[in-house]
Amino acid sequence: MNTLATNAPGLRRDEGMERLALFGLASPALLLVMVILVIPVGWLFYLSFIGADGQFSLENYARMVERKSYSRIFVTTFQVSLLTTGLCIAIGYPLAYFMSQLPTKIANLCLITVLLPFWTSLLVRTYAWLVLLQKQGLVNSWAISLGLWDEPIKIVHNMTGTLIGMVHIMLPFLILPVYGAMRAIDRDYLKAASNLGASPSRAFWTVFFPLSTPGLFAGALMVFVLCLGFFVTPAVLGGGKVILVSMKIVSNIELFVNWGAASAMGVVLLVLTVAILWIASRFLRLEQMTGGGH
Amino acid sequence: MLAWLKSPASETQVTHGQRLWLYVFAIITMILLVTPTLIVIPMSFSDSQYLEFPPEEWSLRWYRHYFGSSEWMNATATSLKAAVLTMLVATPVGVVAAYGLHASQIKFVRMAFVLLITPMMIPVVLVAIGAFYAYVKLSLLYTITGLVLAHTMLALPLVLIVTGSALKGYDMNQELAARSLGAPRWVAFVTVTLPQIRFAVVTSALLSFLTSFDEVVVAMFVSGGDNPTLTRNMFNALRDQIDPTIASISTIMIVVTSLLMVVAQVFGRGKSGG
């Protein structure tokens, strides 16, 4: 006992060293993130405060407020993100509920219909919608033969096409966490509610729905944040009619080589994203938001 | 049928009949989730410039065009190279980091975890222009090395989350047992821990491969010159006009993805958690 007591500080030190060494195993990963992400983004932050004359200035930020074309882009981005999130909830929640009511085996089969698009390349899915929605596309020709409308209408290269594509791509991000939360709900609660005389809809709204909200909240947040920074799908399906923040950042660099303007927009986008995630993390665990691995 | 409609559908008194709208809605949604992607497959075998469905005349024209074009072949080779290398770098780096963070339990672990998953949380456009700037300074622009490093960073959060959650379900005392029997820590990890989290490791590898192979925005900025990726070329082609060759490439990509999913499922039948 005595020797143990005298050895204790040394042992504790050894353990501390070992923990530090274990932490060191993460250093290659951390180094990579520092060099390719943190330092360059820090530099963008610095650049956003440099004016055209090379001196410190707030002109890059002032431009965003003063110029209508810039503020409109932020408004559009919020509108598109909110609409996409809303549509994803309206479509995804019932589907997740449907799957959560099925026996696990059949539900897993249904889940493939969610996972298959989830795993398929974003670009491939965007391309598919481009082909389907174009003037001579399948949607137009079927709608005409069914008598829904008379001549081909424009459903791509505008807001409609952008929303269709974005909702399709974002749906799995909503469905998976919602479905996970619903599966975890103890069905006995519903039995209890029913036994106590609750109607099916009352049992759903007072028992089931509240218990599913953590998943719904996590999924909706994920969709909203991803939409804020979305580039590929709106760039292809929007056809230049729908301009989101990320697209303006890219064109500022590719076409105008205006790093100051691009950086300032990037900083605003980043701050918005981080703020939303930070506020949300006060209510949710980070692991929940990332889905905890599926 | 009528009896089924009136039978109870769940723990509450709701009947299948009352839920019919939900069933119809869900089935339509599932069809809409899958068909847009799958419909590209028959279209890619169309002989026409306009990608009809169903094709009036079947042909391999667009596949011949794809395999015959040195530009597309070069891009495909770049993408495959980058994806395989990303998988080979991101998986060990990520698994080792996940293990280190899981076992170390010092107070910086949470901070490190948050830092490592930021590439997934922040808008990819920022990652892209940040990397673009860094690569100009490091003269890594338009190199495979640069592309692989950036894609590795994007894949790390997934590896960390998948492997991390597998480690949470794993009893670290087993490793202690091995070490008390004289195995050095790394031997204990390789022979005891690793086999039990193998499903998570394989999933991580597949996700890393796909992350790189499907990635567009970063590739748009840091790949190019002699080494443009497939996605970069596809994206540029999409912006111009609807090139039917992309239907054939899409079909190949869908087949590859589905195969990888099947591989993941087969490994998933193992008993390890993931």
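Modeller: Before we start, helices here are DSSP runs of H or I with at least four residues, strands are E runs with at least two, and both are numbered from the N terminus. Also, keep in mind that this is a predicted model.

Biologist: What share of chain B counts as buried, then?

Modeller: 45% of its 274 residues.

Biologist: And how much of the contact in chain B links residues 24 or more positions apart?

Modeller: Such pairs make up 72% of the contacts in chain B, counting those with a separation of 6 or more.

Biologist: Let's zoom in on helix α2 of chain B. What length should it have, and what does it have?

Modeller: That helix covers residues 20-38, which is 19 residues.

Biologist: Which residues in α2(B) are buried?

Modeller: Ala26(B), Leu33(B), Pro36(B) and Thr37(B) are buried there.

Biologist: Switching topic: how is chain B divided into domains?

Modeller: Domain 1 of chain B is 15-59, and domain 2 is 70-268. Their centres, taken over C-alpha atoms, are 31 Å apart.

Biologist: How many residues are in contact between them?

Modeller: 7 residues of domain 1 of chain B meet 6 residues of domain 2 of chain B. On the domain 1 side, helix α3 (residues 40-44) of chain B gives the most, with 4 residues. By class, that domain 1 side has 4 nonpolar, 3 polar and no charged residues.

Biologist: Now the other chain. How many residues do chains A and B put into their contact?

Modeller: Chain A puts in 72 residues and chain B puts in 76.

Biologist: Which helix of chain A gives the most there?

Modeller: Helix α2 (residues 27-47) of chain A, with 13 residues on the side that touches chain B.

Biologist: And what classes of residue make up that side of chain A?

Modeller: On the side of chain A touching chain B you'll find 52 nonpolar, 16 polar and 4 charged residues.

How values were computed
Residues numbered from 1 in each chain as written. Chains lettered and ligands numbered in written order. Predicted model: local features only at pLDDT ≥ 70, side-chain atom pairs only at ≥ 80, totals over all residues. Contact = placed C-beta atoms within 7 Å. Nonpolar A, V, L, I, M, F, W, Y, C, P; charged D, E, K, R; others polar. Buried ≥ 20, exposed ≤ 12 C-beta atoms within 10 Å, placed from the backbone. Expected span 1.5 Å × (residues − 1). Domains from an automatic or database assignment.
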